[in-house]
Amino acid sequence: MLEVLKIMSNLCKLIYSDAHEMLGLHERKDNYRLRKLLGFNPAKTAWCAGFINALLRDRRAKGTGKLLARSFLKIGRKVKNPQQGDIVVLKRGVLPWQGHVGLYAGETPTHIQVLGGNQDNQVSLKLYPKKRVLGYRRL
């Protein structure tokens, strides 16, 4: 079991590093590169979940295969104390299926920092209130 957890933790670090290298890629300015990564046009489709799935796919790991952020609440294992690279799922909007997904980057007393796609239409680091967190998952 310990070996499996170590592999899972390493995957989180790898996808975090991969995402960090893409910081600043914008859905319009860098449309061709993001389209190639995601397999669809990010300027026309919400792409936060597609970004995490693409990172996992490129590391030959299984994602959810869905463009719904909340679908990530069902993979990996639930954790209460996230580490850099763990998946974080957030509330967004008023409908129960809406959400946002990214990678945990750090926190302040009131906010978490998320590295993710489709944050201000680009790959970025962004702060979100902790009260919006639905869950953390370790792969």
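**A guided tour of the sheet and its core**

Begin with the 6 strands, which form an open, antiparallel sheet in the order 1-6-2-3-4-5. Strands here are DSSP runs of E with at least two residues, helices are runs of H or I with at least four residues, and both are numbered from the N terminus; two strands pair if DSSP finds at least two bridges between them. Select next strand 1 (77-79) and strand 5 (122-129), the edge strands, each of which pairs on one side only.

The model is a predicted one, in which local features need pLDDT of at least 70 and side-chain atom pairs count only at pLDDT 80 or more, while totals for chains, interfaces and linings use all residues. Residues are numbered from 1 along each chain as its sequence is written, and side-chain values use heavy atoms, leaving out hydrogens and water.

Move to strand 2 and strand 3, which run antiparallel and are joined by 5 bridges. Leu 90 stands opposite His 100 in strand 3.

Now select the largest nonpolar core, which has 30 residues. Such a core is a set of buried Ala, Val, Leu, Ile, Met, Phe, Trp, Tyr and Cys residues joined through side-chain atoms within 4.5 Å, where buried means under 20% relative accessible area, exposed over 50% and partly exposed in between (1.4 Å probe, protein chains only). Among the members that touch the most others are Phe 51 and Ile 52. Helix 3 supplies the largest share of this core, 7 residues.

Finally, select Thr 108, in the loop between strand 3 and strand 4 (111-119). Thr 108 is partly exposed, because its relative accessible area is 30%.
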